[in-house]
Amino acid sequence: MLLGGSGSAALAAPARDEAGTVRTTAHGAVGAHAAAASAPMVPRATGAAEPSVEERPCPVAVPSGTTCGYLLVPERRDVPNSRTIKVGYAVHRAPEASGQPADPVVYMSGGPGSASLQLTGFLTQMLPGRDVVVLEQRGGRYSEPRLSCPEIARGIVDTLRGPGPGAAENVPLARQALACQSRLEAEQVDLRGYRTTEIAADVVDLRAALGYPGWHLFGVSYSTRPMLLAAARDPEGTRGVVLDSLLPARAHWYDEASAALSATMTKLGIAARFDAMVKALNARPATYETRDPLTRERLTVRLNGDDVATILAEALHETDVIPIVPALVDGLAAGRTELLQPLVDAAGDGLTSHEWGLYYAVQCQDEVPDNTFPESRSPRLFTGVVDAAVCDAWGLPAARAEADALTPGATATLASAGGETGGTATGSTEGMAAGSTAPPILVLGGGYDPTTPPEAAREAVSAVPGARFAGFAGTGHAVFLSNGCARRTIAAFLDDPAATARACDPGAAPHALVRPGDLALTSSVYRLLRSPIPLAVPAAFLLVSVVQLLAALVSLIRRRGGGLSALAGLAGVALCGLSALSLSAMEDWTALAIGVPHALAWYGLLALVSTGLSIVEAFRLNAAAARIVPALTGLALIAWLYGWLLA
């Protein structure tokens, strides 16, 4: 399962910030490292050169004052003479100002395998007045080599053609996974060099290469893992740590994911309806027409209850989608399976948002070995099944566990151990007393995040001096991307980690929940967004009503009658105006994807009044033939409203 945003290895909803801007997703399962050591920790390879950088043009749009480059590092620090790879990064230098400059911040997205550089502008606006360093993951989109795996993406899409996945589908998926692995190995990629300990060492090396005496570490979802390891390895260079959507190291993510999702549904007050939905769809899977995310051709998928539960787990990452989940689940449990279409259409974007070779290299070494994948769990989330199948095919060795900055006493232990634990930056393992203290740590969690539950993060933080937790109501995964209060909280922490005053109220939910019964459930508005042709009916009705009203008013002024026509036109205009006001008053427009206000059905009575009066006028003696037009458009609107929009 992917962490850091809104998606999974197979299924993901698009993520947006508060202004509606599409943002990157950063999802990826992260959890306990394997307890057994089949791979060593990562010391610097004997004779390896000190870390260095080289400049390059920025591959994405970045704000003025930003330079980009590559960090040159060994692919495997535990292997002598390992080849050199390039890890992408960007540095935005803060404008010069009087006084002591603020400590810089280094940020990395999650995944594993999601890109970071495109967030440079967002981060510089969020953290003005200090240098912002954005670091890619080795093997990521803006690093070399780039560990993409279109073969696996193709295999995942194929599994969606039937409900499951089952053993029969895992065989071709494993075949595609092996094809990707063979291709990467033929390109001289050593997949054992792409794991959390190496990514953490890249963070430490980059500080030394850029010459910063110290900085703050900022990770979200999966990248909280390498940031915590980097803080433990480089305590003297770490001023503070910000962890958004943390999953503690002792957690077994895959084994706990179903229970975490069910717990979130309980928080939303829909646990029983959720269970009923899963059971009903497992008995009778639903069929959807969507687009193949790889070819953009039409694709028919069949989803059972476990598949739909996976989609909903990813949808809960998004703060603007969370409010509609209670009403959506209730509708799905009642058999309204068409309501899921918006999330099905959005799901495929996750297949193009990550580098799956990197994702599985990390997952297969650092996360999957710690889980048992019990088949008795319910719901049986799709991504866990897929990830287990791929990792079983790849057969990579489990990585060795390593203490991080949230492990009590880890900083002192690692500092005194020095090079034996993989410290790589010059000065990061020298002159450290055994009594070194951990840096201040701020952990953020979303109240409705099923992927990195806030309860687990709060418990992990409570045992570590200098660490504190901030929970944000009504929010999902990757809190800082969708919650302005979270961004202000981070900025205040970086300015003064010891300050206890709150920068804002984290208990204020961005949107109220849409409970079952709050909306008239319909997928028609979403269909309108895909094809606005049906809007011609209400548009024609409004136009005719306006003309009818104006013509009738002219007739009344000239004392030629027309009172019924005036009332008919007025009723039609009032219907359209009240409907527009009702829709504009909706707090979260995402709700229109599954329903409309009940008031629209009552406002439709005005259409009956308008049409009835128009019919009377049309069939009066000596009435002009044109008077039939308002009656016909009124009948068309009634059919459209009650027979299509609200059906």
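Residues are numbered from 1 along each chain as its sequence is written, and side-chain values use heavy atoms, with hydrogens and water left out. Because the model is predicted, local features need pLDDT of at least 70 and side-chain atom pairs count only at pLDDT 80 or more, whereas totals for chains, interfaces and linings use all residues.

**Confidence**

The pLDDT, which is the predictor's confidence in each residue on a scale from 0 to 100, averages 87 over the protein chain, and 86% of the residues score at least 70.

**Overall fold**

The protein chain holds 21 helices and 15 strands, taken as DSSP runs (helices H or I of at least four residues, strands E of at least two) and numbered from the N terminus. Of its 647 residues, 58% are buried, where buried means under 20% relative accessible area, exposed over 50% and partly exposed in between, with a 1.4 Å probe and protein chains only. Among contacts between residues at least 6 apart in sequence, 78% join residues at least 24 apart. The chain exposes about 24,400 Å², of which carbon and sulfur atoms supply 58%, the areas coming from the Shrake-Rupley method with a 1.4 Å probe.

**The sheet**

An open sheet of mixed pairing is formed by 9 strands in the order E3-E4-E5-E7-E6-E8-E9-E12-E13, two strands being paired if DSSP finds at least two bridges between them. Its edge strands, E3 (52–56) and E13 (467–472), each pair on one side only, and the twist averages 25° from one strand to the next. Within this sheet, E8 (residues 215–220) and E9 (residues 238–244) pair in the parallel sense over 6 bridges, and Phe218 stands opposite Val242 in E9. Helix H4 (residues 196–210) lies across several strands, including E3, E4 (66–74) and E8, and runs at about 120° to E4; axes are lines fitted to C-alpha atoms, for helices over the stretch in contact, with angles from 0 to 180 degrees between N-to-C directions.

**Ser221**

Ser221 is placed in the loop between E8 and helix H5 (224–233). Ser221 counts as buried because its relative accessibility is 0%. The side chain of Ser221 makes a polar contact with the side chain of His477 at 2.9 Å, where a polar contact is a pair of N or O atoms within 3.5 Å; within protein, one must be able to donate a hydrogen and the other to accept it, and residues adjacent in sequence count only if both atoms are side-chain atoms.

Key. Contact = heavy atoms within 4.5 Å.
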